Amino acid sequence: MMLQKVSVFLMTLLLAFPAFANTKKAAILGFEVEGGVDPQLGKNATATLAGLAKNQPNWKLLPPSEFEENKLMYCDEDDVSKCIPKIAANLQVDILVTGRIAKESGQLKVTLFFYNNKAYQFSSFSVPASKKAEIPKLLTEAWNNQFQAKVAKLEIVCPEADAKVFIDS
């Protein structure tokens with residue numbers, strides 16, 4: 001009887017463990033704003049990304065915090081490419097996303113910083129300040145390029161009847 005209970009416990013543990021192994025800890029940090037950009041624009045950008053992160057399967061999202069606060073706590077330098085991995089390590093997250101919005105010559109330059117599986121990447125785009133309403137759509141596109149699976153379609157057409165195609169054997 002005891003052996004049966006232990007077996008059931010071990011089977012339950014084995015079945016549950018893959019779900020835990022696939023869970024990723026993630027943080028979305030508040031956007032920095034520079035050059036006279038309305039702080040609300042940074043808050044809206046952060047909210048857009050937080051909403052996208054909540055929809056990611058198997059992500060455990062940390063409570064929100066500000067990028068600037070984390071930089072002050074964990075970084076000695078201003079180089080974002082060195083700072084982001086340090087913040088991620090200190091927060092103990094697998095994924096960290098934040099960004100910056102700056103105003104330059106009538107344009108809003110948006111830069112997203114991604115730290116995913118110990119790799120740092122960034123994405124940036126600019127829009128005229130008069131078209132700031134397009135920023136959520138562009139943030140979503142950048143997010144999807146980073147985190148959504150890429151789908152490819154391969155179509156092989158052969159005029160021969162009963163032809164066989166082998167890929168990797």
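What is the volume of the largest pocket? The largest pocket has a volume of about 160 Å³. The model is predicted, with local features needing pLDDT of at least 70 and side-chain atom pairs counting only at pLDDT 80 or more, while totals for chains, interfaces and linings use all residues. Residues are numbered from 1 along each chain as its sequence is written, and side-chain values use heavy atoms, leaving out hydrogens and water.

**Overall fold**
- The protein chain holds five helices and seven strands (DSSP runs of H or I with at least four residues, and of E with at least two).
- From the N terminus, the order of elements is α-β-β-α-β-β-α-α-β-β-β-α.
- Of the 169 residues, 32% count as buried (under 20% relative accessible area, 1.4 Å probe).
- Among contacts (heavy atoms within 4.5 Å) with a separation of 6 or more, 55% join residues 24 or more positions apart.

**Largest pocket**
- Its lining consists of Asn22, Lys24, Gln56, Pro57, Asn58, Trp59, Ile95, Asn116, Asn117, Gln146 and Phe147.
- A pocket is an open set of points on a 1 Å grid where a 1.4 Å probe fits, with protein on both sides within 12 Å along at least five of seven lines; lining residues have an atom within 4 Å of a point.
- By class, the lining has four nonpolar, six polar and one charged residue.

**Packing of H3 and H4**
- Helix H3 (residues 67-74) packs against helix H4 (residues 80-91) at an angle of about 85°, with axes 10 Å apart.
- H3 is therefore roughly perpendicular to H4 (65 to 115 degrees).
- The contact of H3 with H4 comprises seven nonpolar, two polar and two charged residues.

Methods: Points joined across faces, edges and corners; volume = space filled by probe spheres on them. Nonpolar A, V, L, I, M, F, W, Y, C, P; charged D, E, K, R; others polar. Axes fitted to C-alpha atoms, helices over the stretch in contact; angles between N-to-C directions. Parallel < 35°, antiparallel > 145°, perpendicular 65-115°, else oblique. Buried < 20%, exposed > 50% of the residue type's maximum accessible area, 1.4 Å probe, protein only.
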